[in-house]
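Hi everyone, thanks for coming. Please have the sequence and the 3D view open while I talk, and stop me whenever you get lost.

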Amino acid sequence: MKTVLIFVCACLGLGLADAATNVTAAEVEEILRHHNFLRRNAPPSPANMLPLVWNEELADQAHEWALNCTIEHGYPERPNTTYGTAVGQNIWLSSLAHINLTEVIQSWYDEIDFYNWEQTKCNPPPNGMCTHYTQVVWASTTDVGCSYYHCPNGHAVVVCNYGPRGNLANTRPYLEGPPCSQCPNKEGWCDEGLCVDCPAQNCDCSLDCKNCGELNRTTCTCTCKDGWDSPDCSVPCENGHAYCGANPGWPVPAYCTMDGFDVVNDYCREMCDHCDFATPGDPNACCEGQMCYNGGYLDEMTCQCVCPVGFGGIDCNGGTGTGTGTAEPTTKPTVPTPSTPGPSLECFVCNSGNVTETDPCHLEQEPHADTELCEPGESCIVRQTVDSEGHVLAVNRSCDIMSDCGIDDAPFAFEAFNVIEWRYCCNEHKCNGELLRMAGSGSTPMAPPTLALLLCLVLAVFPSVWE
């Protein structure tokens, strides 16, 4: 027997007539039970895992797609009213007609064997595929809808759609830590390891406030001291992006409340008033403002940092051991020494000779981006600020490991005050899917991305076959 599984987020799909899912109530319960069992018990321990709930619209669209009896991925012509085409999809196709939904879901999850948590990536294909697994345990995915079909040729197909989709490039599927310690709603209510709203569901408050944080058991929330952030006060309060307070960038706190700038709240925590910096002697700080980084936390009895494996020193920013630091308190992370730049690269972004006024590139864009090689795991982010007439006002490049722009993602824009910022993502090999060439090589720049590339977010397709 051969079972073929493929995962991809598609932008276009061929549709059949509207079809309703054939999944029974008992099968819905089975699908949700096993998904959530795997999500709450995934190793390492998930800190921000949300439970999956059934979505009938996703299920209907899954059934409509299953009728194609194909391993190709996509969606019916009618869009999902909640998630549009931003839907994750797992497909199972078997040469046998028998379907066991629990076994199907488990087979997707079993790709965990091919996922390297420390390096945040899959083992190389064809046998190292793991995007089914990462979608099953993607913490911020909340809805699932599945269906199946017995094909005329005797095969069977199962389709599960997930919203919002997971598998963001260079991103782990969830945060590691004590269960419910990093819930997105900032509360610590927990239903056997899954973040829930209480008292709507069975829940308990096991939140452990770190670094002198104070627990309110009525709301299951921590009040953090200056210098600390996150639901359990375990993360240093930082502006974690070069664009926080910068121009070009997000120069003022007003960006925190602008439409289309939600990402600023994630990156610029202090600027957006989600937390406060600590200063030495701050009366509202823990241990007179002593800070710990890289997952370290304060021993409130000794006011020394307890550092994770691989980190040491007073603030867990140095050394290779574990334990507590003994030096003078510090309030800022150690700035890593810049590495020697590698050879410059050319990345074709846009060309004014073959775009129109309706194209996202407008009429004037730099024809290529010369970038320095970034550190492993980082992307070179090219940001172009364009006015309402399409004129380039500013160009900025930076190496960024935190950006939500994946290497294979199309450019996307922030817009405010009649100014648009286009973002392109590059690494040492590709820029938005287009191959780079070494500067000075004498070769011709690549052709610009097509309009379809500019409008779609596409993940590569890696088939795997099990005997």
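This is a predicted model: local features need pLDDT of at least 70, side-chain atom pairs count only at pLDDT 80 or more; totals for chains, interfaces and linings use all residues.

The protein chain has an average pLDDT of 74, and 63% of the residues score at least 70.

Now the overall picture. DSSP runs give 6 helices and 27 strands in the protein chain. There are 467 residues, and 47% of them count as buried. How much of the contact count comes from residues 24 or more positions apart? Taking contacts with a separation of 6 or more, the share is 61%. The accessible surface comes to about 22,200 Å², and carbon and sulfur atoms make up 54% of that.

Let's zoom in on helix α2, residues 56–66. Is this helix mostly covered or mostly open? Mostly covered: 9 of its 11 residues are buried. Among them are L58, W65 and A66, but also D60, H63 and E64. The cover over these buried residues includes strands β2, β3, β6 and β7. Have a look at the start of the helix too, where a side-chain oxygen of N55 comes to within 3.0 Å of the backbone nitrogen of E57.

Next, the backbone. Which peptide bonds can I show you as cis? One joins P43 and P44, with omega about -10°. P44 sits in the loop between α1 and β2. Another runs from G163 to P164, with omega near -15°, and P164 is in the loop between β7 and β8.

Two residues have a positive phi without being glycine. N211 has a phi of about 55° and belongs to the loop between β10 and β11. C287 has a phi near 55°, and its place is the loop between α5 and β15.

Finally, the salt bridges. How many does a search of the whole structure find? It finds 3.

Let's take D208 and K210 to begin with: their side chains meet at 3.5 Å, N to O. D208 is partly exposed, with a relative accessible area of 46%, and K210 is partly exposed at 21%.

Then we have K225 and E214, whose side chains meet at 3.6 Å, N to O. K225 lies in the loop between β12 and β13 while E214 is in strand β11, so this pair ties together parts that are 11 residues apart in sequence. E214 is partly exposed, with a relative accessible area of 47%.

The remaining pair is R269 and D229, with the closest N and O atoms 2.6 Å apart. R269 is in the loop between α5 and β15 and D229 in strand β13, so the bridge ties together parts that are 40 residues apart in sequence. Both R269 and D229 are buried.

Terms used
Residues are numbered from 1 along each chain as its sequence is written. Side-chain values use heavy atoms; hydrogens and water are left out. pLDDT is the predictor's confidence in each residue, from 0 to 100. Buried means under 20% relative accessible area, exposed over 50%, partly exposed in between (1.4 Å probe, protein chains only). Helices (H or I, at least four residues) and strands (E, at least two) are DSSP runs, numbered from the N terminus. Contact means heavy atoms within 4.5 Å. A polar contact is a pair of N or O atoms within 3.5 Å; within protein, one must be able to donate a hydrogen and the other to accept it, and residues adjacent in sequence count only if both atoms are side-chain atoms. Accessible areas come from the Shrake-Rupley method with a 1.4 Å probe; for residues, only the protein chains shown count as cover. A salt bridge is a side-chain nitrogen of Lys or Arg within 4 Å of a carboxyl oxygen of Asp or Glu.
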